[in-house]
Amino acid sequence: ISLEPGEYELSAAEGFGTASGENWYWNECYDGFELVIQDVENLEFRGQEGAEIVTRPRYANVLTFNECTNILVEGFTAGHTVEPGYCVGGVICFRDSDSVAVNNCSLYGCGTLGVDAQYSGDVTVTNCEIYECSYGGIRMWSVDGINVADCTFRDLGGSSIAFLDCKNAILHGEAVSGSY
């Protein structure tokens, strides 16, 4: 998937909340819907400079990947259009996914987390700017194989990085043991 420069407002998409496909659907959350990409392999989601994905529902992740493998998210800006302090959804979320990477992205709140990975493996986050998220920058929970490098964090409401019950984590080229 290649994104040309411009704003992509997910909550204004045709079929928002009602349409679905073989590998995607809208998941209902408290104040709207979030886009979920399900059971996909070998997907590159790239943006050209000036491409931005946004959503309005405060309880929605901007992009959620469930049970996916070999996913690259690269080169665009993503976030919520609601003022800081009022969101519960994050920006990019991986659940039960393997070999996923977020590179050269700008991820912003008012979402809770820039990158959230749960029960996944081989997760890489590099060269990203993560800012104005209300809970923190990156949270990995029960992830085996993490590489985080060259990221910039600013104006966060919590920790820049949290590793909870993770294994084989590398942070800026250095191995991390235990939870962090």
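Me: Which residues do ring pairs link into a cluster here?
Reply: In this predicted model, ring pairs link F16, W24, W26 and F33 into a cluster.

Me: And how many aromatic pairs does the structure hold?
Reply: The structure holds eight aromatic pairs. In one of them, F16 with W26, the ring centres are 5.0 Å apart and the planes stand at 70 degrees, and because that angle is over 60 degrees, the pair counts as edge-to-face.

Me: Where do F16 and W26 lie in the chain?
Reply: F16 lies in the loop between strand 2 (6-9) and strand 3 (20-21), while W26 belongs to strand 4 (residues 24-29), so their pairing ties together parts that are ten residues apart in sequence.

Me: Is W26 buried or exposed? And what about F16?
Reply: W26 has a relative accessible area of 12%, which makes it buried, whereas F16, with a relative accessibility of 23%, counts as partly exposed.

Me: Switching to F65 and F94, what kind of aromatic pair do they form?
Reply: F65 and F94 form a stacked pair, with 5.3 Å from centre to centre and 20 degrees between the planes. This pair links distant parts of the chain, since F65 sits in strand 8 (residues 63-66) and F94 in strand 11 (residues 92-95), 29 residues apart.

Me: Are those two buried or exposed?
Reply: Both F65 and F94 are buried.

Me: One more topic: what sits over the ring of Y131?
Reply: That is the charged end of R154, which is placed over the Y131 ring at 4.2 Å from the ring's centre.

Conventions
Residues numbered from 1 in each chain as written. Predicted model: local features only at pLDDT ≥ 70, side-chain atom pairs only at ≥ 80, totals over all residues. Heavy atoms only, no water. Phe/Tyr/Trp six-rings, centres within 6.5 Å; stacked < 30°, edge-to-face > 60°. Helix = DSSP H or I, 4+ residues; strand = E, 2+ residues; numbered from the N terminus. Buried < 20%, exposed > 50% of the residue type's maximum accessible area, 1.4 Å probe, protein only. Lys NZ or Arg CZ within 6 Å of the ring centre and 35° of its normal.
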